[in-house]
Amino acid sequence: MSQQEVERRLESGELESWPAEDLIKWGFEQFAPRLSLSASFGSPEGMVILDLMHRIAPGQARVFTIDTGRLPHETHGLMDRARERYGIEIELFMPGAERVESMVRRHGVNLFYESLENRQLCCGIRKVEPLKRALSELDAWLTGLRADQSARRAGVPAAEIDRVNGGLVKLNPLARWSREQVDGYVREHAVPVNALHARGYPSVGCAPCSRAVKPGDDERSGRWWWETDDARECGIHVGYERDGSGI
Ligand code: SF4
């Protein structure tokens, strides 16, 4: 399929109603081996997609992750379990040491609690820059984004041209899944997940910026909990509000 045909399909919206398995299969057909899953190992959605990829194309799943240097050990534990279970190599991207050293010297190790500007600086250096490097090797990426994770993700499509990241294809196969569907898949297929979920963390990011939430709270309310809802994304996934601002 030509680049124009891929773009036409994405822009027509016809992929929006496809089941997750079909979208992942299509991704493999069109883009492998330059297709990779972005997995945080801090949410069950990425693990569900990894499990689906493994069933569809055993041994062919490519997975990358950003190790910010501030992840909880439960997240590293899940990486090890995933490597064993799926027989995969996890492509790990880390922030540049010089930039981290300079930031910490200037602003302190826990700068993110002091201001939104500092928090975005930290996410920019520890997450967004390594992500850009990871994406520069790809034609398409898969994410575990779901529309009902938070108000800021309400407009997540199943497939899109990622103009924020240079126009590669971004597939979000679980965009229309509910949390209950995700949990049901995890149970049915005994998918390994982050141990912190059982301790009240629906979404696990960096250790100092994640905490447990109360039952019924927004799934992402434990991330950067000291900030207002308007600010709470790290810069990796932006522009999904239903106000026409991003998609
Ligand atoms: S989540 Fe917190 S520690 Fe992690 S990169 Fe962002 S501000 Fe820094």
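The model is predicted: local features need pLDDT of at least 70, side-chain atom pairs count only at pLDDT 80 or more, and totals for chains, interfaces and linings use all residues. Residues are numbered from 1 along each chain as its sequence is written.

Now the sheet. Six strands form an open sheet, in the order β3-β2-β1-β4-β6-β5, with mixed pairing. Strands are DSSP runs of E, at least two residues; helices are runs of H or I, at least four; both are numbered from the N terminus. Two strands pair if DSSP finds at least two bridges between them. β3 and β5 (159-162) stand at the edges with a single partner strand each, so one side of each lacks a neighbour in the sheet.

Strand β2 (residues 63-66) runs parallel to strand β3 (residues 90-93), and four bridges join them. Thr65 stands opposite Leu92 in β3. From β2 the chain passes through helix α4 (residues 73-86) to β3, in a right-handed β-α-β crossover. Right-handed means that, with the strands pointing away from the viewer, the path from the first strand over the helix to the second runs clockwise.

At β5, the pairing with strand β6 (residues 168-171) is antiparallel, over four bridges. Glu160 stands opposite Lys170 in β6.
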